[in-house]
Amino acid sequence: CGVFGVYAPGEDVAKLTYFGLFALQHRGQESAGIATYEGTSVSEVSRYRNVAPLDLQVHLCKEMGLVTQVFSEQILATLKGGLAVGHTRYSTTGSSRVVNAQPAVVQTRLGPLALAHNGNLVNAGILREELLQQNAQLQTTTDSESIAFAVAEAVNSGMDWIDGAIAAFKRCQGAFSLVIGTPAGLLVTRDPNGIRPLVIGTLPDDERDRTSRYVVASETCGLDIINADYLRDVEPGELVWINEQGLHSVRWAEPETRKLCIFEMIYFARPDSLMHEESLYSYRLRLGKQLALENPADVDLVMGVPDSGVPAAIGYSRESKVPYAEGLIKNRYVGRTFIQPTQSMREAGIRMKLNPLRDVLVGKRILIVDDSLVRGNTSRKIVKALRDAGATEVHMRISSPPVTHPCFYGIDTDSQDQLIAATKTVEEIAHQIGVDSLAYLSWEGMLQATQTDPESFCSACFTGNYPVPVPEQVKRSKLM
Ligand code: 5GP
Ligand code: SF4
Ligand code: MG
């Protein structure tokens, strides 16, 4: 998912959030939502009226669909206020329905909170049971709503926003980057391992107020689009509280080892986002170079699977000196295939998406680079399309290691039986997807290319070495 928040009284925060979410669209395409806080007005905005009526101070619009489908100028104009929280969703827990869309809005004795969550709790079931025993009126089955109710429960027991939020965060295990709107300010945090990214930016200086106009976003591309300056990352286990007095930081957990999801780096985040002070484009170029060093091939052309395989393919081409070519043209308006929730939709999605260029491919030995091989469906279709278009040989190189384990922290890599590399050898996979040769980047190569401490990443989907313990029952749901 993508999360976004802005505190900027006097600005059109709904519009800023709209553009921020637009830049974060790749992180979730099922639903989009914005909540804004304004004085004491009452309103509800939902085209289909399927959002519960809300009380004081918060305006909310959330619907199924892309950001551009959910919001119009008219709707944005009704989302008034100086503080906004936004979310783009793809489901890892809870089904793909509008009740599960975010922000999740919950009433408390201190007014409504609006919560946007990226990540996945591993103790969601336990937390939910506890909350139900405390009589929480849960409307959905999402872990995100449980976090919202946990905060509300703490606040209603007499705590203030900060203590209440901290009490709730301590009940959560797993991955959570959170942006929480309250009538008193914006609350932001990351889990103690910082598995999902979250960055803070500042809006450009303004005559009226130079101190407290802040933006938070899952990735820096969400800051760039509204011309905000990157300030810093939210630290793992840090709570950031933003209100009219500016930005305050409270540490609520010992900084455990950082475990940023390596999949964010190799695939999920946008290539123009910065992590570790460089663009992921540069990192992905290095992955491709390393891939070429480890796995050369005698071919005529190197191509990337658009868009996510392209930077690594360019890196591969530069290192191997094999010319880079575009042999597949992508329809940019089709969402990422894997985000669609059902297998049949996924299969249809690929056919809509890529078209091979016959005159580039005919008679050529092609090496095609992709960032990851998860289920193998995309690859099999692409390879067939390339051969049908006249390629004489098709070799595949993957700029990450074989995905052998499911993710429990918020990336939808499915259960283990869906992962092609969990049961098959590289030769068997090559046979199944129909390539002349197949090779993956080594785990060491992937981590080396980060140029930072390899210990500071989660790479459990390649190793099964889960940094946050996953309860047995939860493990069993996805492991073979
Ligand atoms: P697959 O092998 O699953 O058919 O497709 C792999 C391709 O789709 C890669 O290009 C990758 O960018 C993307 N992809 C598909 N599904 C997933 C997924 O669940 N997680 C990630 N990270 N990437 C996926
Ligand atoms: Fe990322 Fe894989 Fe770890 Fe999940 S298991 S957080 S996808 S590295
Ligand atoms: Mg891809």
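Tutor: By class, the shell around ligand 2 is made up of ten nonpolar and two polar residues, with no charged residues. The model is a predicted one. The residues around ligand 2 are I195, C261, I262, F263, C407, Y409, I411, T413, C458, S459, A460 and C461. Two elements each give two or more residues to this shell, namely α8 (262–268) and α17 (460–463).

The protein chain is split into domain 1, covering 2–256, and domain 2, covering 279–478. Taken over C-alpha atoms, the centres of domain 1 and domain 2 are 32 Å apart. Where the two domains touch, 18 residues come from domain 1 and 14 residues from domain 2. The side of domain 1 that touches domain 2 has four nonpolar, 13 polar and one charged residues.

Next come the strands. Y7 is part of strand β1, residues 2–7. Y7 counts as buried because it has 26 C-beta neighbours inside 10 Å, where 20 or more are required. Leaving aside residues up to four places away in sequence, Y7 touches L83, G185, L186, S212, R213, Y214, I242 and N243. One of these contacts, R213, is 206 residues from Y7 along the chain, yet the C-alpha atoms of the two are separated by 5.6 Å.

Strand β2 (residues 31–37) runs antiparallel to β3, and seven bridges join the two. Within this pairing, A32 of β2 stands opposite E63 in β3. Strand β3 spans residues 58–64, and six of its seven residues are buried, so β3 is largely enclosed by the rest of the structure.

Just after α5, G158 takes a positive phi of about 120°.

To return to the part you asked about, the shell around ligand 2 has no charged residues, and α8 and α17 are the elements that give it two or more residues.

Methods. Residues are numbered from 1 along each chain as its sequence is written. Chains are lettered from A and ligands numbered from 1 in the order in which they are written. This is a predicted model: local features need pLDDT of at least 70, side-chain atom pairs count only at pLDDT 80 or more; totals for chains, interfaces and linings use all residues. A residue is buried if 20 or more other C-beta atoms lie within 10 Å of its own, exposed if 12 or fewer, and partly exposed in between; C-beta atoms are placed from the backbone. Helices (H or I, at least four residues) and strands (E, at least two) are DSSP runs, numbered from the N terminus. Two strands pair if DSSP finds at least two bridges between them. Two residues are in contact if their C-beta atoms, placed from the backbone, lie within 7 Å. A residue is near a molecule or strand if its C-beta atom, placed from the backbone, lies within 6 Å of it. Ala, Val, Leu, Ile, Met, Phe, Trp, Tyr, Cys and Pro count as nonpolar, Asp, Glu, Lys and Arg as charged, and the others, Gly among them, as polar. Domain bounds come from an automatic or database domain assignment.
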